[in-house]
Every structure is written in C-alpha cells, then in structure tokens.
Amino acid sequence: MSDFQILGQDAVLRPMLAAARQGSLSGCYLFEGPDGVGKHEAAVMVALAAACEADSSSSRPCMKCQTCRTMRAGTHPDLVEVGLDPSKRTPTISVAQAREVMRVARLHRYHARHRVFVIDPCDRMVPQAANALLKTLEEPTPGTTFILVTAKVSSLLPTIISRSQ
C-alpha cells in the first residue's frame, strides 16, 4: 500500500475513493474476495481518502496531512479496526467487541472528516455479535462508514449482507 497500488483493483477502487473524497460514502460496504488480494488494505485506503484533510481535487489521500499520517500509523481514533478477539479460545469477533463498536459509533468523530470502522474478518463474528450490529450498520451516525472484510461471504448472516453494498 505504500505506493497506493492494489493490483487489479483500480476499476473498483477509483469510484470508491472518489466517493470517499467527496463525502458521499454509503453506510456499509462488504469487501469480499480470496485471502491475500488486498481487501483490508483497500478498506484502509478508502478510510484515508474519506478522512484526508487535503484539497479534494484528487481521489487519493495526500498521505501528508496529520490525519493521513496518524491513520497510517494506526493511532487515529477515527479509523477503528476490529479483528479477532485474542482472549477467546477459538478466535472470533465477540459480542463484547460488537457492543464496543456500537458504543464508539454513537460518539462524535474525534477529528477526521469521516470515521470508518473496518471489521476484518467479519465472517468470524459470532451470530449474536452480528445481530447486535444490525441496527448500527443499517443506520450509522452521519459521517460514519463500516467496511466489512471477508473471504467467505457465504458465512455471513443474510441480514448483514442485506445491509451492505
């Protein structure tokens, strides 16, 4: 991602990045594909584009502003990455994590133009966690987008898929 090239994904990413820079992202997207194709990196790239403070004449984030730098470093509070809960015997995305996402999603953005939650791998959400997130995914607070990342869309609840683009 250092040179901002995710091979073979330009046709998909170009309009998403443009929408992100223009402030017209939808509430929830589903990135699906085989492991190793750059889904997570693409999600972070969209988050950067949505939050970037620089002039929006380009669809790509500037990578120089404070927001871009802190998001790239993984320290910006408006880029929330949710992964497997390491405290579980069988790593999953737990109900406790879903509740924390819901709590944070209700808060006002910290600093960025847009807040993005990246949930990866979303197919490892326990059903109770997925069900807890339904209302939040359907009606996120203004300026908030969820990007669900999976290699197994067939493992997702139909209600999660129906709330995603």
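Start by selecting Glu100. Its relative accessibility is 38%, so Glu100 counts as partly exposed. Bear in mind that this is a predicted model.

The side chains of Glu100 and Arg103 meet in a salt bridge, 2.8 Å from N to O. Why are these two residues about one helical turn apart? Because they are 3 residues apart in helix H4. An α-helix has 3.6 residues a turn, so residues three or four places apart point the same way. Arg103 is also partly exposed, with a relative accessible area of 39%.

**Stop two: helix H4 and what lies under it**

Select residues 95-106, which make up helix H4. Which strands does H4 lie across? They are E2, E3 and E4. Against E3, the helix runs at about 170 degrees.

**Stop three: the sheet**

Show the strands. There are 4 of them in an open sheet, with parallel pairing. Read across in the order E1-E4-E3-E2. Strand E1 (28-32) and strand E2 (79-82) stand at the edges. Each has a single partner strand, so one side of each is left without a neighbour in the sheet. From one strand to the next, the twist averages 15 degrees.

Zoom in on E2 and strand E3, residues 115-119. How many bridges join this parallel pair? The pairing runs over 4 bridges. Pick Glu81 and look across to Val118 in E3, which stands opposite. Then pick Val82, whose bridge partner in E3 is Ile119. Trace the chain from E2 through H4 to E3: this β-α-β crossover is right-handed.

**Stop four: helices H2 and H3**

Next, select residues 66-73, helix H3. Thr67, Cys68, Thr70 and Met71 are buried here. What do the buried residues of H3 pack against? Their partners are H2 and E2. Step on to Gly74, which follows H3. Its phi is positive, near 80 degrees.

The model has 3 salt bridges in its count. Side chains of opposite charge can pair when their charged atoms come close. You began with the bridge between Glu100 and Arg103. Now select Lys135 and Glu139. Their side chains meet in a salt bridge at 3.3 Å, N to O. Are these two residues buried or exposed? Both Lys135 and Glu139 are exposed.

For the last pair, select Glu138 and Arg163. They form a salt bridge, with the closest N and O atoms 3.7 Å apart. This pair links distant parts of the chain, 25 residues apart. Glu138 sits in helix H5 (residues 127-138). Arg163 is in the segment after helix H6 (158-162). Glu138 is partly exposed, with a relative accessible area of 46%. Arg163, at 24% relative accessibility, counts as partly exposed as well.

How values were computed
Residues are numbered from 1 along each chain as its sequence is written. This is a predicted model: local features need pLDDT of at least 70, side-chain atom pairs count only at pLDDT 80 or more; totals for chains, interfaces and linings use all residues. Side-chain values use heavy atoms; hydrogens and water are left out. Two strands pair if DSSP finds at least two bridges between them. Axes are lines fitted to C-alpha atoms, for helices over the stretch in contact, and angles run from 0 to 180 degrees between N-to-C directions. Contact means heavy atoms within 4.5 Å. Buried means under 20% relative accessible area, exposed over 50%, partly exposed in between (1.4 Å probe, protein chains only). A salt bridge is a side-chain nitrogen of Lys or Arg within 4 Å of a carboxyl oxygen of Asp or Glu. A crossover is right-handed if, with the strands pointing away from the viewer, the path from the first strand over the helix to the second runs clockwise.
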